[in-house]
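User: I'd like to learn how to read a model like this one. Can we go through its features in turn?

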Amino acid sequence: MSSFNLASLHGEALNAAGEVEGRSLWQDAWRRLIKNRAAVASMIILGVIALACIVVPYALPWSYDAIDWDHVEAMPPNMELGHYLGTDSVGRDLLARTLVGGRVSLLVGLLATLVALFIGVTVGAIAGFMGGRVDQLLMRLVDLLYSVPLTFFVIILMVMFGRNFILMFLAIGAVEWLTMARIVRGQTLSLKNKEFIEAARASGGSTASIIARHIVPNVLGVVIVYVTLTIPHVILLESFLSFLGLGVQEPLTSWGVLLNEGAAELQANPRTLIVPAVFMTTTLFCFNFLGDGLRDALDPKDR
Amino acid sequence: MWSYFARRLLIGVPTLFAIVLFCFFLMRLAPGGPFDGEAPVPPEVLANLRARYHLDDPLWQQFFSYLGNLLRGDFGPSFKYKDFTVTELIAQGLPVSIENGLSALVIAILVGLPLGIIAALSQNSARDYFVSGFAMIGIVIPTFVMGQLLILAFGVGLRGTPFQLPAGGWNDGAFANRILPVTVLALPFIAYIARIARASMIETLRANYVRTARAKGLPYRTVVLRHAMKAALTPVVTYLGPATAYLLTGSMVVETIFQIPGIGRYFVQGALNRDYTLVMGVTIVAAAFVIVANLIVDMVYGFLDPKVRYE
């Protein structure tokens, strides 16, 4: 029975052999990823939340910074007035604020991670590929920075130069690149003696172009996993800064700022904490599940 | 091996020096000063204040006198707490923060490790999902939200029952006052340790030597506890180094919420008040701590994993 099946499968494979297309590593990984239900659900939810944060505020009857002067107090959800999730303690629409806050939080998460990605991949790839002195120097620098309480410096910078959106993601990004550099270096070390690198060098590629065109694309898999795990980390760090009163400036808001405001009046209006908390924790959950799913999909040794 | 650690310890000195240097110039070059209060200070008073704190000396001179004092354990006077020196404030706050941090870390290991291992041993079972879900919740809920929730539950909700706990204050370190802050501090670490332990245990259980031990006929229990455990612990120990730094960050939140007089709270207040000397003092002490913690982790690492060589 089973031999019959095998034989027919074999036959099919032979028949198809003429037009079979090679499957790339990425297609394989994608196939594995979409089999992971938690990861797929996370992707969809993240997409919905991101889209809602970008689009929905334009469609809401209240702007995130408009005060409803007839109701300058926390109001429960009221469909007629267009406060679908109620208002905060000074009468601003909570849904609009949560969605706009999501924009800021997601943007900080994304931009800071991009900064970390850029520094980490550059340093890691150069250290791994060049080896020797350069490697020693760069990795000692990473070790050194690891033993510095960097959050302290982010806080000092934020205090010094004021609450500034650009400074915030630059500072966070400049703190989060260390692990990225280590991971990329490790991957590069295992890649640099492979034949295709030798071939690239033999055909006259410069070090810079080999790093950019052959090393970096091949470490992307690991990097993507780490990126999905760094974004939620940055969002949490942003909420920590907001707790210290160093988040984005009013009336602009972020999930961290909203959570902080909500936590302060938890007893009187738990809704002002619950609404942003649900959005933020859902997002963080999804990023973590997606990261785990990606890791399983891109790391075939774990199957 | 010992020469390796001596060398690592020596590297700590220039690291600290770099931190002091960076911190010092960052603080001095920043716009705004410690005397920009709500009420403007008359210029004569300001001049006196600046003279008293040597703020008009050349920058390099200020730096070297600060460095010299630092070596004698003198962190200088606090700009805001006028009656205290920074050394006094740190001496007061550091023990409190260390006690809480260590308790949280010990609890995190005692709870997180078994949780992670239990989850790994019954991978993909209900028990595993429960632990992993719990760990995820511990990671995604910010410390300050968790703190407020627990205050609401135990400080307000259970008021009048035997389970009521103080919602804040330190009360000279009474046991009841420690429970909530230490719990809040420990929760994310329990979560991380459980996650890391689970992942590394799963990987170790697939290793060839574990299979060999099983094939020899050893009971599962022995294989897990004697053979797999040690290797599975390595990533957890590695995590404890950076954990010290996260612990410091966590203590800023916890000490602020629960009004605990530790260095985390001093740092936050110092930073918001632009109390240069206090912020620098706490940063330097914290950095020294993280450096030493990483060194200890490196040593433990070598005992756990014989493949690690110290050169």
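Analyst: Gladly. This is a predicted model. Start with one residue and ask what it touches beyond its sequence neighbours. Setting aside those within four places in sequence, A:Ile156 is in contact with B:Cys23, B:Leu26, B:Met27, B:Phe267, B:Val279 and B:Thr283.

User: Which residues have the most contacts inside the largest nonpolar core?

Analyst: A:Ile155 and A:Ile156 do. That core has 167 residues.

User: How many helices and strands does chain A have?

Analyst: Count the elements, then read their order. Chain A has eleven helices and zero strands. From the N terminus, the order is α-α-α-α-α-α-α-α-α-α-α.

User: Why is chain A described as more spread out than a compact globule?

Analyst: Compare the radius of gyration with the globule rule. For 303 residues the rule gives 19 Å; chain A comes to 24 Å, well over that, so it is more spread out than a compact globule.

User: What share of chain A is buried?

Analyst: Take buried as under 20% relative accessible area. By that cut-off, 47% of the 303 residues in chain A are buried. For the surface, look at area and atom type. Chain A exposes about 14,800 Å², with 65% of it from carbon and sulfur atoms.

User: What about contacts along the sequence, and charge?

Analyst: Among chain A contacts with a separation of 6 or more, 72% join residues 24 or more positions apart. Chain A carries 21 positive and 24 negative side chains. The centres of the two sets lie 13 Å apart.

Technical notes. Residues numbered from 1 in each chain as written. Chains lettered and ligands numbered in written order. Predicted model: local features only at pLDDT ≥ 70, side-chain atom pairs only at ≥ 80, totals over all residues. Heavy atoms only, no water. Core = buried A, V, L, I, M, F, W, Y, C linked by side-chain atoms within 4.5 Å. Buried < 20%, exposed > 50% of the residue type's maximum accessible area, 1.4 Å probe, protein only. Contact = heavy atoms within 4.5 Å. Helix = DSSP H or I, 4+ residues; strand = E, 2+ residues; numbered from the N terminus. Rg over C-alpha atoms; globule rule 2.2 N^0.38 Å. Areas by Shrake-Rupley, 256 points an atom, 1.4 Å probe, with all protein chains shown as cover. Lys, Arg positive; Asp, Glu negative; His and termini not counted. Charge placed at Lys NZ, Arg CZ, Asp CG, Glu CD.
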